[in-house]
Amino acid sequence: MEQADAKVVERERRMRDMIARLPRASLVERKDITEDLILIKLDPQAPFDFKPGQYCTLGLESVERAYSIVSAPHEPQIELFVELVPLPDGVLTPMIWDLKIGDTMSIRPRAKGIFTMDESYRRHLMVATVTGIAPFMSILRSYLHREAGGHRFYVLQGASYHDEFAYREEMEEMASARPDTVVYVPTVSRPNEERNAGWTGARGRVNSIVEECVDRFGLSPDDTMVYACGHPGMIEDVKERLDPKGFHVMEERYWKQ
Ligand SMILES: Cc1cc2nc3c(=O)[nH]c(=O)nc-3n(C[C@H](O)[C@H](O)[C@H](O)COP(=O)(O)OP(=O)(O)OC[C@H]3O[C@@H](n4cnc5c(N)ncnc54)[C@H](O)[C@@H]3O)c2cc1C
């Protein structure tokens, strides 16, 4: 065996041993949204604390990856919204797709991340691509559960197809129950494709509607924090559009470009 290969094998063995010693969480629910999007619920075998907006680190065999948490801290299970990165590029997600109810994954004992709500701002503009809605769901579920008030949330979510908005119904329910608190704008980037037939909502990539939304909702950098989550290209573009206007943009990039 070449020396470089031996190093890789040794690193994998160490990762596998480390992952085997971590706490586990069992898969208790899976809902297929599309061919490459699922919602899953995990039951952690040890108590798992987190702040809304943070992520957990899950592992199988010798691989670990980060996942923003959809559920709020008061919920008993950890809910995640996961997109498949097919083989040969994806590593952990093809393995997650093969899991059966009752199977377990490793979970690092501590949640991580600073992509959390800055309560010092009154208004919050949250921009997501598909699974990037996850931390915003957690923040909103927690906020509404606490019956907190005084803040307003504008959630913009982009996807290629309308059937990828897994939380649309819940978001629309929140928006109609608390119109003073939640505004939800889903937008599809391929409005003319057959799969989007009948779509009457916003059109275009989510980054391309962000300035129009800022104007429509009368948002100003003085009292508005902007959060962008998911696709790194979307995040870059949102920053390019809103930085010059003086907005502070917090970001959670799901991968590197
Ligand atoms: C803080 C954080 C939170 C995250 N939260 C989520 C989440 O809530 N849901 C979720 O599905 N993923 C999330 N991710 C991405 C996740 O960690 C994995 O990278 C992803 O699930 C793919 O894992 P993989 O092992 O199959 O492929 P990887 O080995 O991680 O990636 C393979 C290749 O695909 C690219 N890639 C990764 N994800 C995507 C994607 N969604 N679309 C297109 N290309 C991609 C990578 O850049 C890489 O080139 C998050 C990442 C970070 C850093």
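Two strands count as paired if DSSP finds at least two bridges between them. Keep that in mind as we walk through this model, which is a predicted one.

Strand 3, residues 55-60, and strand 6, residues 104-107, run antiparallel to each other and are joined over two bridges.

Six strands make up an open sheet, and reading across you get the order 4-3-6-1-2-5, with antiparallel pairing. Strand 4 and strand 5 sit at the edges with a single partner strand each, so one side of each has no neighbour in the sheet. Going from one strand to the next, the twist averages 40°. As a reminder of what holds such things together, strands of a sheet pair through backbone hydrogen bonds, either parallel or antiparallel.

What about the whole chain? There are six helices and twelve strands in the protein. Its radius of gyration is 19 Å, close to the 18 Å that the globule rule gives for 257 residues, so the protein is as compact as a globular protein of that length. Along the principal axes, the C-alpha atoms fill a box of roughly 60 × 40 × 35 Å.

The protein splits into domain 1 (3-107) and domain 2 (123-253). Between their C-alpha centres there are 26 Å. The two do touch: 17 residues of domain 1 are in contact with 15 residues of domain 2. On the domain 1 side of that contact, strand 1 (24-34), strand 2 (37-44) and strand 5 each put in at least two residues. Strand 5 gives the largest share, four residues.

Which residues come nearest to it? Of the 21 residues around the ligand, the nearest are G90, V91, L92, T93 and W255. Strand 4 (63-68), strand 5 (78-83) and helix 2 (92-97) are the elements that give two or more residues to this shell. So strand 4 and strand 5, the edge strands of the sheet, turn up again around the ligand. Both domains take part too, with at least three residues of the shell drawn from each of domain 1 and domain 2. As for its make-up, the shell has twelve nonpolar residues, four polar and five charged.

Technical notes
Residues numbered from 1 in each chain as written. Predicted model: local features only at pLDDT ≥ 70, side-chain atom pairs only at ≥ 80, totals over all residues. Near = placed C-beta within 6 Å. Nonpolar A, V, L, I, M, F, W, Y, C, P; charged D, E, K, R; others polar. Domains from an automatic or database assignment. Contact = placed C-beta atoms within 7 Å. Axes fitted to C-alpha atoms, helices over the stretch in contact; angles between N-to-C directions. Rg over C-alpha atoms; globule rule 2.2 N^0.38 Å.
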